[in-house]
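User: Hey, can you walk me through this one? I'd like to start with the surface and then look at the aromatic rings.
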Amino acid sequence: MTEQKEISRRSYLKYAGAAVGAAVVAAAGYGIYQMTAPPPKPSKVVVDLTLWAYDVPLVRGSADIIQDVYKRDKGIDLQVNITDVPYDAYKSSVVSRMQANTKTDVLYVEDNWMSIWDKAGWIVPIEDYKPEIRDYIPELVPAVREAMTLHDKLYGLPYYCDNIIFMYNKAHYDRTGIDEPPKTWDELTQHCVQLKQKGVSDRPLGFAWKRGEWTFEDVLFSIVYSRGKKPIDEQGNLLVGSGSGLRDTLQWIADAALKYAILDPKSVELVCENVQDACKAEQYSYSILPSYFIAAINDPATSKVAGQMKIAMMPERGDTVGFMRMDSMSMMAVKAGKDQIDGAYALIEMLGGKVDVDGDGKKEYYTAKQWAIKDGLPFGIQPLFQDPEIISAWSKWVDVEALGQQAAKSVFFEAKKYLWWEDWRPAFETEVHKLIAGQVSVDDALTNVEAEWNKLKAEAG
Amino acid sequence: MSESSGTPSDNRFGLLSILPTVGFLTVLSTAPLLYAFALSFQKYKLTSPGQHPFIFLDNYAKVVDSYHFEAAITNTLVFTVGAVVFVFVISLIFSLALNEKFRGSGWLRILILVPWAIPEMASALVWRWIYDSHFGVLNAMLVYVIPVFDSYQSWLGSPAYAMPAILVPQIWKEIPLCVLLFLTGYSTIPQSLYEAAKIDGANAFARFRRITIPMLKPIIQIILVYETIMGIASFAYVYILTGGGPGDSTTTLSWYTYMASFSFADFGQGAAIAVIMSIISLIFIALYFRLIPTRRFGAVGV
Amino acid sequence: MSINSMRQGEALKKTALFVISILIIVFTLSPIVWMVICSFIPDPELYQTPPPFFPTKLYIGNYQFLWGKEAVELTGGTPGVFAQARDMLTSVGNSLIVGISVTAICLIFGVFSAYSFARVPMRGSGKLLFYVFFSRLLPQVAILVPIYVIIQALNLLNTLLAIILVHTAFAVPFFVWVLFVYFKSIPQSIEDAARIDGCSRFQQLRKITLPISKPGLIAASIFAFMTSYNEFLFASTLSNTIVSRTASATLTAVAQGMGRYSVALFMACDVVAILPPLALVLIFRKQVMEGLVTAFRR
């Protein structure tokens with residue numbers, strides 16, 4: 001009996017030993033495999049895009065394309081989630097998202113907010129993680145490139161980049177007997193006085209200067225830049241002394257509103273579209289707005305003045321303010337690792353850069369062209385100004401060559417790079433309103449805005 | 001006849017009934033409030049991420065010293081007092097009329113509820129269109145139908161008109177509730193008091209002053225408190241109609257809080273302003289209780 | 001008093017009533033009427049001075065757009081911009097879901113709380129009652145960010161549940177107060193009789209108090225629903241996807257994305273948004289009034 005037991009115990013031990021041995025070998029083999037084999041590809045990368053609601057279906061279309069392209073080129077499933085909010089709520093929604101750490105990988109960034117969001121650690125210089133973005137630099141409009149650069153690094157690719165342009169109603173001019181658009185701002189005043197006297201328009205000049213309107217400062221400071229003057233100096237001080245661009249501009253505005261009564265005081269409650277509609281209804285003779293609005297103003301189906309509004313170069317030196325909106329990458333994406341960065345960058349490139357859409361090896365600015373042709377949105381990419389499709393689409397409502405000429409003279413508005421820029425805007429807008437209403441003198445207004453600028457500058461440290 | 005207080009089953013029932021509500025409110029109301037309160041003493045700026053030191057009253061100093069504060073306080077007080085006064089007076093007049101029985105009074109009592117049913121945002125937006133300075137119907141009425149003006153006015157863009165312009169939707173929305181409260185108040189006053197007064201020779205005005213008003217004290221108190229809070233907190237109309245302008249003639253404390261939190265991204269400052277708003281609310285409430293002493297807040301016939 | 005002066009008094013009163021009636025009608029209805037008229041006019045026709053006060057033809061294109069038809073006559077912009085308006089119907093549905101849920105939660109928990117406050121003697125119940133009211137006294141803007149952080153921590157962003165929770169927190173204080181006052185006004189004798197018969201608190205509530213409290217319950221419920229439907233700040237901050245957007249949030253989006261042009265389409269959105277609460281109030285107006293009246297009657 002014991003022999004049987006002994007034999008079975010021995011065979012048991014043998015088998016056990018063999019099993020353990022095999023296990024050890026297997027473990028060793030697996031360990032070696034793990035150390036030397038390539039890391040497994042992620043099966044899926046989810047990129048969260050947050051943006052403001054402007055033609056979101058177009059963005060969705062591009063997102064779908066990049067999902068396919070990513071799968072085709074890298075074999076990874078890319079999923080793009082889009083969260084859209086109304087434009088006026090966008091900034092506050094991003095603030096909320098970032099505060100609460102809601103997953104956000106790619107987001108629209110406006111030049112006004114770029115500095116602050118960078119300081120807050122929300123957006124990153126893409127260059128640091130994807131050096132290949134530098135390849136785009138030669139093709140970017142210089143003012144746009146300057147706008148998208150902080151600390152000498154590129155922070156995104158352009159989405160919507162535009163310039164403030166000067167449009168006047170040629171039919172009104174013909175009726176009044178004026179041949180040429182104004183060459184200086186004083187000449188513009190004279191033209192307006194004539195228009196008023198001839199009864200063509202009671203208040204020919206209307207601006208979109210409601211508190212908080214997105215183009216408020218872009219338009220006002222384009223008047224400063226077009227005089228060939230800068231609003232701030234190298235050290236970041238606001239220039240308000242006599243002979244300064246801002247002083248002359250505010251004086252011009254005050255005179256237009258109060259002395260000559262050619263500037264509509266209703267401007268303080270108007271948004272861009274209101275000015276656009278008023279131009280279409282022939283209530284204003286001029287529109288100093290981003291070029292994006294020309295399409296509607298010259299739309300024969302809905303506008304009384306279709307074909308009458310013409311572009312002229314900004315009076316005096318012709319310089320104007322260019323602004324940009326771009327697609328940026330968030331710090332969250334960076335922290336999530338290389339795969340997330342790759343996915344986010346692919347989306348950013350799809351939205352603002354060149355992608356090989358149909359697999360024929362040729363890369364094109366697919367989304368930028370979509371924006372341009374479908375919605376009339378100008379862009380920050382130089383070569384696209386010569387694109388025949390865009391030219392033919394746009395020539396229905398605008399003289400594309402004139403547009404290009406004005407774009408060439410667009411300047412980046414440096415004040416936006418300062419951290420207190422957004423804090424200063426409400427105070428500035430308030431003073432301008434008071435100026436137009438005659439509640440404050442040009443001197444006092446300048447004193448107040450300068451004081452506020454300096455106070456905020458000091459607080460920002 | 002009084003219950004024996006504190007029987008175990010009573011206590012259990014009471015606790016079970018009240019605890020969920022109190023707990024829920026603590027999490028979703030009190031805790032955020034305390035958090036906001038604490039925030040007001042910290043530095044919490046977007047441009048200093050990760051550094052939130054306690055800076056005691058610095059936020060408050062910054063707020064009081066800021067460009068917008070003086071206007072915000074003045075405008076909030078003007079708006080609130082204006083809203084309370086107009087809502088009170090107009091509701092009183094409307095309710096007195098609706099208390100009478102005449103042909104159509106039933107329909108009118110239904111009609112008066114309509115503004116209360118309309119959401120703030122829906123109302124703000126149609127008012128924006130009504131006030132439009134180029135195509136709005138108010139201008140059309142005042143120029144073409146009842147010629148008061150020569151040309152279209154800028155309701156939301158003139159410093160003089162903007163504040164009244166945002167008061168109108170507020171008043172419009174709040175009147176139904178106050179009319180209702182007044183009407184219910186009237187129904188609690190026994191007719192016998194009026195009869196006796198009539199016999200004594202008191203005229204309508206005297207009856208109103210000596211009987212109606214005193215008997216309505218609790219209702220009046222509720223209306224004053226509620227409308228004040230609504231007035232101070234009112235946000236939608238500034239948001240949609242004026243954006244704080246023109247100039248800063250409609251910048252109120254609630255708008256300033258929003259600006260500070262989301263435009264300046266200084267949550268410390270935003271919280272400080274909110275605390276100031278709360279203090280102002282509490283001051284008003286305390287004032288009302290001083291001026292109109294009644295037995296207990298809202299609990300009539302206790 | 002002479003007959004003549006009495007007649008004069010009567011006539012004066014009649015005139016005053018008539019004037020006030022006209023004022024009430026004009027005052028209450030004019031914005032709504034104009035909203036409705038504008039929704040039945042094609043947009044380009046609105047941009048005139050003066051606008052067409054009484055359109056001869058009723059144009060239904062704006063509503064058709066909301067119901068899914070292709071782009072209508074719109075001024076300015078490109079069709080993609082108006083996509084927000086298409087969500088209007090879904091958002092109204094969402095608002096109804098939220099409103100009803102809020103009301104349901106209030107009914108389940110608020111009724112018990114109000115009853116306890118009103119009837120059950122407990123130490124500190126007065127203080128707790130004040131605590132419940134207090135939360136409504138302070139400005140909502142202040143707690144926007146803290147609430148956002150909490151909802152995010154619970155992983156409930158962009159869900160209707162988040163909005164339901166927050167709206168309930170706003171609605172409960174008033175709900176409890178209305179019922180508290182209402183219950184207080186019910187004579188205790190009825191309940192005491194039941195107590196003597198051996199009913200527990202719960203049975204008292206269920207069998208005696210609730211059946212006779214219907215007007216108060218309806219009134220309080222309507223208030224809760226209205227508070228929720230009305231709210232836009234938190235609704236638009238906490239969830240903004242199509243699935244979870246409420247009517248007020250979509251209106252906010254529409255106003256900003258679109259109120260800059262195509263006012264007619266926007267007015268149609270507005271009309272659609274106001275139909276549910278309007279209907280509710282008109283249907284239950286009696287209960288609303290009764291609820292308040294009984295509460296205050298001694």
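User: Which residues form a nonpolar patch on the surface?
Analyst: Keep in mind that this is a predicted model. The patch is made up of B:Val81, B:Val85, B:Phe86, B:Val89 and B:Ile93, and together they have about 410 Å² of accessible area.
User: Let's pick B:Val89. Where is it found?
Analyst: B:Val89 sits in helix H3 of chain B.
User: And is B:Val89 buried or partly exposed?
Analyst: Partly exposed: B:Val89 has a relative accessible area of 40%.
User: OK, on to the rings. How many aromatic pairs are there over all chains?
Analyst: The count comes to 72. One of them is B:Phe94 with C:Phe27, an edge-to-face pair with 5.7 Å centre to centre and 75° between the planes.
User: Why does that pair join two chains?
Analyst: Because B:Phe94 lies in helix H3 (residues 69-99) of chain B, while C:Phe27 lies in helix H1 (residues 3-39) of chain C.
User: What about B:Phe94, buried or exposed?
Analyst: B:Phe94 is buried, at 6% relative accessible area.
User: Got it. Now B:Phe235 and B:Tyr239: why is that pair stacked?
Analyst: Their ring centres are 5.2 Å apart and the planes are at 20°. Planes under 30 degrees apart count as stacked, so this pair gets that label.
User: Are those two buried or exposed?
Analyst: B:Phe235 and B:Tyr239 are both buried.

How values were computed. Residues numbered from 1 in each chain as written. Chains lettered and ligands numbered in written order. Predicted model: local features only at pLDDT ≥ 70, side-chain atom pairs only at ≥ 80, totals over all residues. Heavy atoms only, no water. Phe/Tyr/Trp six-rings, centres within 6.5 Å; stacked < 30°, edge-to-face > 60°. Helix = DSSP H or I, 4+ residues; strand = E, 2+ residues; numbered from the N terminus. Buried < 20%, exposed > 50% of the residue type's maximum accessible area, 1.4 Å probe, protein only. Patch = residues over 30% accessible without salt bridge, like charges linked within 9 Å, V, L, I, M, F, W, Y side chains within 5 Å. Areas by Shrake-Rupley, 256 points an atom, 1.4 Å probe, with all protein chains shown as cover. Salt bridge = Lys/Arg side-chain N within 4 Å of Asp/Glu carboxyl O.
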